[in-house]
Amino acid sequence: MADFSANTRPFAELDRAGRTRRLRRLAETALTAYAVPVARLTPLGRGANTTFRVDGADGHRYVLRVQRPDGPDVSRVRSEMRWLAALGRDTDLVVPRPVPTRERDLVTVVADPAVPEPRTCVLCHWVEGRFVDERLRAPQLYAVGAFTARLQLHGSRMSGLDRGRVDDLTDFGRAQVDGFSDAVVERAVAAADGDPRVRAALERVRAVRAELGCGPDVFGLVHGDLHQENYLFHRGGVRATGFDACGFGHHAYDLAVTLDALGPRPALREALLDGYRSVRPGTATTDPTVLAAFIGLRRVQRRLY
């Protein structure tokens, strides 16, 4: 017998599968904002947001993302889509290409009685490719490094977008101009039960950030979360997804995220840096001391959030 109570249970009490079933109806409503004939909607399991593969009756495939309620607001999601659209116009880098609504907006906000709050939704063209992870080889990381450098070069030219800092202590610094003020550092250390390693890591990256400055050669709009679940490969080329964490920050932080996710695989780490330097030689971004400081920051962020 069907469990009809599942339809009346509070959304917060549902498991991931139950929430996805509720959000599917919201996703179907969101798709009516687009001139896309939908043949099938399939939930995808990856990521913090809820995503659906959309098989179009026109033979094309898309991804619909239903934004999590504690994620970026509508303005910031729209800015993310604007960067992706600009990358599609200005470069040959393969990234998700946003599909505009019938009203020519890059986002749509949808409400459903079974979901507690309205959700921001975006539709993008499907990115073909495969994730490799444990079978990664040095030539692939070389390509990821070159891709990252080109992405950063484009991001350094972007302005006027509503995206936050990725290399701050975000949650601790929201109410303060400086995400690394003394008060923010003290709160972070307290949240880590007074661990002196957290204080040392934050003091080190604060000094490195100050020394680097924020010129376009070291700072700009970056992906901010380019690990093995957000880059994939197709016919020898690298592609990137997962731009919902993008924001402004130091290029070294962007690289540090990728390096840290690789773990202790020195050949892959060096290949990544070699690929990066093939596009951007002579930059302070690949200095080992600088990268070590931002890897330390990334680990503190992951520990505290």
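**Strands, helices and core of a predicted model**

Mentor: Strand 7 (residues 231–234) and strand 8 (residues 237–240) run antiparallel and pair over four bridges. The model is predicted: local features need pLDDT of at least 70 and side-chain atom pairs count only at pLDDT 80 or more, while totals for chains, interfaces and linings use all residues. Residues are numbered from 1 along each chain as its sequence is written, and side-chain values use heavy atoms, leaving out hydrogens and water.

Trainee: Is R235 called buried or exposed, and why?

Mentor: Buried means under 20% relative accessible area, exposed over 50%, and partly exposed in between, with a 1.4 Å probe and protein chains only. R235 has a relative accessible area of 83% and is therefore exposed. D193 also has a positive phi, of about 60°, although it is not a glycine. D193 lies in the loop between helix 5 and helix 6 (196–212), and its 74% relative accessibility makes it exposed.

Trainee: Why is G179 placed in its class of accessibility?

Mentor: The relative accessibility of G179 is 2%, so this residue counts as buried. G179 belongs to the loop between helix 4 (170–173) and helix 5 (182–191).

Trainee: Which other strands pair, and how do you know?

Mentor: Strand 2 (residues 50–56) and strand 3 (residues 61–66) are joined by six bridges in the antiparallel sense, and V54 stands opposite Y62 in strand 3. Their hairpin has four residues between the strands, and G59 takes a positive phi near 90° there. Strand 3 also runs antiparallel to strand 5 (residues 119–125), with five bridges; V63 faces C124 of strand 5.

Trainee: How many disulfides does the structure hold, and how do you know?

Mentor: The structure holds zero disulfides. A disulfide is a pair of cysteine sulfur atoms within 2.5 Å. The sulfur of C121 is 12 Å from the closest cysteine sulfur, in C124, and so is too far for a bond. The sulfur of C214 is 17 Å from the closest one, in C246, which is also too far. C121 itself is buried, as its relative accessible area is 0%.

Trainee: What makes a set of residues a nonpolar core, and which residues have the most contacts inside the largest one?

Mentor: A nonpolar core is a set of buried Ala, Val, Leu, Ile, Met, Phe, Trp, Tyr and Cys residues joined through side-chain atoms within 4.5 Å. The largest has 67 residues, and those with the most contacts inside it are W83, L141, L202, Y231 and F294. Helix 9 (residues 288–304) supplies the largest share of this core, eight residues. A second, separate core of 20 residues includes A27, Y62, L64 and V115.

Trainee: What is Y231 in contact with?

Mentor: Contact means heavy atoms within 4.5 Å. Leaving aside neighbours within four places in sequence, the partners of Y231 include F131, L141, V144, V238 and L262.

Trainee: How do you know that the length of helix 3 agrees with expectation?

Mentor: Helices are DSSP runs of H or I with at least four residues, strands are E runs of at least two, and both are numbered from the N terminus. The expected span is 1.5 Å times one less than the number of residues. The 18 residues of helix 3 should span 26 Å; the end C-alpha atoms are 25 Å apart, which agrees. Helix 8 (residues 266–279) has 14 residues and reaches 21 Å, close to the expected 20 Å. The buried residues of helix 8, among them L268 and Y276, pack against helix 3 (138–155), helix 7 (251–262) and helix 9.

Trainee: Why does the radius of gyration fit a compact globule?

Mentor: The radius is taken over C-alpha atoms, and the globule rule is 2.2 Å times the number of residues to the power 0.38. For 305 residues the value would be near 19 Å; the protein has 20 Å, so the two agree. Buried residues make up 50% of the 305 residues.

Definitions and conventions. Two strands pair if DSSP finds at least two bridges between them.
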